[in-house]
Number of protein chains: 2
Amino acid sequence: MESSSAPSGGSTRREATRQKLYEAAVTLIAEQGFSATTVDEIAERAGVAKGTVYYNFASKSVLFEELLRHGVELLTASLREAAERTERDGGTKVDALDAMIRAGLVFIDRYPSFTQLYVAELWRTNRAWQSTLMVVRQQAVAVVEGVLREGVKKGEFSEEIDVPLTASALVGMVLVAALDWKSFQPERSLDDVHSALSRLLQGRVSGGR
Amino acid sequence: MESSSAPSGGSTRREATRQKLYEAAVTLIAEQGFSATTVDEIAERAGVAKGTVYYNFASKSVLFEELLRHGVELLTASLREAAERTERDGGTKVDALDAMIRAGLVFIDRYPSFTQLYVAELWRTNRAWQSTLMVVRQQAVAVVEGVLREGVKKGEFSEEIDVPLTASALVGMVLVAALDWKSFQPERSLDDVHSALSRLLQGRVSGGR
DNA sequence: ACTTTTGCACTGACCAGTCAGTTCAAAATG
DNA sequence: CATTTTGAACTGACTGGTCAGTGCAAAAGT
């Protein structure tokens, strides 16, 4: 008995099933929305019986909620890593923002469905997972805000900038540009998109040539 | 739309009920999503019998589709008007972009639910109204792209900018900043938000003081 | 007169969640 | 060994409820 008091690493069968369910749910919900996606569909795409879904998750919304948390934590870690790497390499705060834009693009490139689904749910009110969503969102945006604030302190950015609003605007810029990229010109390279956004960030838009 | 005052043309009784149905549907769908919103709820909030919904619209999705089209057409008209007004007043293309940012903010300020619902649906695939959505979206973005292109021609913007991508990024900037504004700091004034975005647009972020 | 709205009962499809039963590999037993 | 036992993981038919859409006779506008 006690077959799997296993090493918490997550190499259990159960963990593998959960992973398959996440992957199935993410694409289906991104395509159709939460309510329009049935548990039967998720189970079928994951190659698993419906009961298994309920063995692994308390309900359809709990499955979704854990999916959201998992995904945003991935993004936050990636942004933080980009900021810290730039710091270590002695880059400016603009360099850090630029590195974070790239990290954002890389994330969206890798998980377009997740991003799409996240955007669709972020500003909804009256939903079960609203608070969860809020918390993880704030973690991610806080990384950007942190860099902006340090930049102001160092005198690299104007003292007049509105940190939270500027952070939102930057996130929006990357989010929408990337989603449009993936939806309408998926053949373009990441570098290409990145350089266009860099240019915009550094105000090299106006000013001829 | 949501808190419209305008009689907007048709003075028939029918037109008034349709308007009430639009208003009810917009807020409910923004809160809960399309599938989670029932026709009974919409009818109840509009203060109308369920049969009336089906007397006025062929189906739930048709109601939604017409709502989408109607809303985006409003926005497009508003953007176009802002650009043309700047043109007449002899403003630069940067002034035109700035005026359009303001027009966008005014729109979102007036119709937050619509905006929210629109964002939630825009990048979804496999849905009935996808093509409708695509067409109207392109009309709106095309206005921004037009101004950018003219700015390049006049030498006001760099020839190296990527017009469609820059337009997307600008739209995203305004969209996300405004939705965050409405969600988390609704007490702030429009002018305040507008000036923060202007600053970002004109690259007055980096460069101290 | 004619258009529009109401109220309400009804149908048939669809779906979240349940539960009694199955599988199987590891642990206990002899 | 060989066997029995255990329990976590999984299965899929079934249930109870929900909801889009229908039908229609009577009432209310205009």
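Of the atoms of DNA strand D that lie within 4 Å of the protein, 72% belong to sugar or phosphate, the remainder being base atoms. The model is a predicted one, in which local features require pLDDT of at least 70 and side-chain atom pairs are counted only at pLDDT 80 or more, whereas totals for chains, interfaces and linings use all residues. Residues are numbered from 1 along each chain as its sequence is written, chains are lettered from A and ligands numbered from 1 in the order in which they are written, and side-chain values use heavy atoms, with hydrogens and water left out.

Around DNA strand D there are 17 residues, of which Thr17(A), Ala49(A), Thr52(A), Tyr55(A) and Lys50(B) come nearest; a residue is taken as near a strand if one of its heavy atoms lies within 4 Å of it. This surface is made up of five nonpolar, seven polar and five charged residues, where Ala, Val, Leu, Ile, Met, Phe, Trp, Tyr, Cys and Pro count as nonpolar, Asp, Glu, Lys and Arg as charged, and the others, Gly among them, as polar. The elements giving two or more residues to the surface near DNA strand D are α1 (13-32) and α3 (50-56) of chain A, together with α3 (50-56) of chain B; the largest share, four residues, comes from α3(A).

Chain A contains nine helices and zero strands, helices (H or I, at least four residues) and strands (E, at least two) being DSSP runs numbered from the N terminus. The UniProt record, an unreviewed entry, places the feature "domain: HTH tetR-type" at residues 15-75 of chain A, a segment that is 80% helix and 0% strand, with its end C-alpha atoms 21 Å apart. The annotation "DNA-binding region", also from an unreviewed UniProt entry, covers residues 38-57 of chain A; such positions are given in the numbering used here, feature names are shortened, and annotations may be inferred rather than shown by experiment. Over residues 38-57 the chain is 75% helix and 0% strand, and the end C-alpha atoms are 15 Å apart.

Chain B can be laid on chain A with an RMSD of 0.1 Å by a turn of 180 degrees and a shift of 0.1 Å along the axis, the superposition being by least squares on the C-alpha atoms of residues with pLDDT of at least 70 in both copies. The two copies are thus related as by a two-fold rotation axis. The same surface serves both copies, in that 98% of the contact residues of chain B recur in chain A, contact meaning heavy atoms within 4.5 Å.
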